[in-house]
Amino acid sequence: MEWQPFFPFPEWRPAQAKGLDFICQALSQADDIMLEAPNGIGKSAIAIALARCFAKLAGSATYISTTTIQLEDQYMKDFARLGLCQLHAKSHYDCPTCQKCDVGSREMRLPSGSRWCRCQCASPEGYKHAKVKFQLADLSIANAAYICTCARFAPDWAPREIALFDEAHLLHDTIASGYSFDIQESEVKFFPPEGDEPAWLEQHYSFWLNAQIRELQEQLDRIDEKDPEIRTTCRKLERAEQKRENLQIILADDPEHWVFDQQPDRLSISPLWATDLAANLLPRIGAKRIYLSATLPGFTHQARYLGIAAKKARFLALPSPFPVEHRLIHICPVAKWDYRDQGPAIAKTCRAIEKILKLHPLDRGLVHVSSYRQATEIVSQCRSKRLITHLDASDKKVQLGTLFDKPGTVLVSPSSHEGLDLKDDRSRFQVIAKLPFASLGDKRVKKRMEVEPSWYNLHTAQKFTQACGRSIRSDSDFAVTYILDQAFDGFYSRASQFFPQYIADALRIQEVPV
């Protein structure tokens, strides 16, 4: 299959050509194909070239999914001109009659027993019109969580010959999240003793949930379209209906496959792994499935998490084409983090950051931390006005604007390890103040560690590698990374098999005075 005429740019990198050649050959050998390619190599261009090639040469349409809205928007910015069509959830679209299309598409029951949709409009700005365009397009992109939801629940959903999953290292947890839900204290009369959750779900909660759904349906039938409460009621009903679907799956399964985490105000339920769920769901999205990511180390682990037989799949890891001197990672172990008292580590981190700022007096940069509290304290305690942080995802967009507009600005963030493109002078250095370990206060994280200790190291190594790739986005780009966490040395010795070789090649032991 000749992909070259369909590449979206006049030229391609050798690494992109190698990845495309591999996938085109592997399609005749396997249904599941994984390509690990470093951040900044241009995986989105690989995806579009494949989708265009399949459309023209094989007559096959392609679903493309991402797990972050930033990457999805970047796809549309770069490739909408080539016919790429995007679809959001119904609640994203305005409805002239019912505020939003998730409300307008709900069926309303009449006293006669018949049903009708509140809104029958065919507005070109509405969900129905967007969905038709999405279904007719050869190149269609949507959020991975939404595509999985459609494949599960939409009666008119049709799998395609090709499904292409970008950011595939996050796909397993995205699927697991679709089967997870919380039961709030206000929904039930009592919570069960720990260990009795499965019996309680079947004997008590299923009855209460059905009653809640009936009550919400009756409320929705009575509410006028202009009532501001209609959207809240509609979304409560949609969540309750999805809970019921997930509850049926839980009750039919082995309770050991699920995590029941009781908190004072809620019971959180989630699958321990999404292996069997993914094995059933992914073929309903695409007959052939291509997985792209910068971090698919431990290929057999990745395949197993997604219910893929590793021996039947194909995998290729590409080396970094970027000069190692452009992406050096300096290990500067100045801070020992203690979750019981983070004050000393924050103080030492601030002193180290102040020295790093002097090494980069005019450069923009990024500091990775693990919590909003750490970010706030570092900005407060550092003796520099160059540092900024954000309070939530919405504020992050505002602060990124400040970072891009003002030279010398440094963003301190707990949520920028992935999905952020800081090309060229948007960032010339980054600091990993604390390794991105998953919280052991999370019951599922703790149980996964007990069942499979290597998972914790793999998860952390993936997030670390993603963080290192935020500021180096091409072969002409350059940035320096500083690791300040003393835990890195021990962690690397335990988890080195989960780091790409190009990360190992870039590591340097305190070659700078921090």
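At 35% relative accessibility, does D424 count as buried, partly exposed or exposed? The legends below take up this residue first.

**View 1. D424 in the loop between strand 18 and strand 19 (429–432).** In this predicted model, local features need pLDDT of at least 70, side-chain atom pairs count only at pLDDT 80 or more, and totals for chains, interfaces and linings use all residues. Residues are numbered from 1 along each chain as its sequence is written, and side-chain values use heavy atoms, with hydrogens and water left out. D424 counts as partly exposed because its relative accessibility is 35%, where buried means under 20% relative accessible area, exposed over 50% and partly exposed in between (1.4 Å probe, protein chains only). Although D424 is not a glycine, its phi is positive, at about 50°.

**View 2. E167 in the loop between strand 9 (160–165) and helix 7 (171–178).** E167, a residue other than glycine, has a positive phi near 55°, and with 9% relative accessibility E167 counts as buried. Helices (H or I, at least four residues) and strands (E, at least two) are DSSP runs, numbered from the N terminus.

**View 3. The buried and exposed residues of helix 14 (residues 393–405).** D395, K396, Q399, L400 and L403 are the buried residues of helix 14; seen down the axis they fall within an arc of 145°, so they line one face of the helix, the arc being that of the directions from the helix axis to the C-beta atoms. The face turned away from this buried side carries the exposed residues S394, K397, V398 and D405.

Methods
The expected span of a helix is 1.5 Å times one less than its number of residues.
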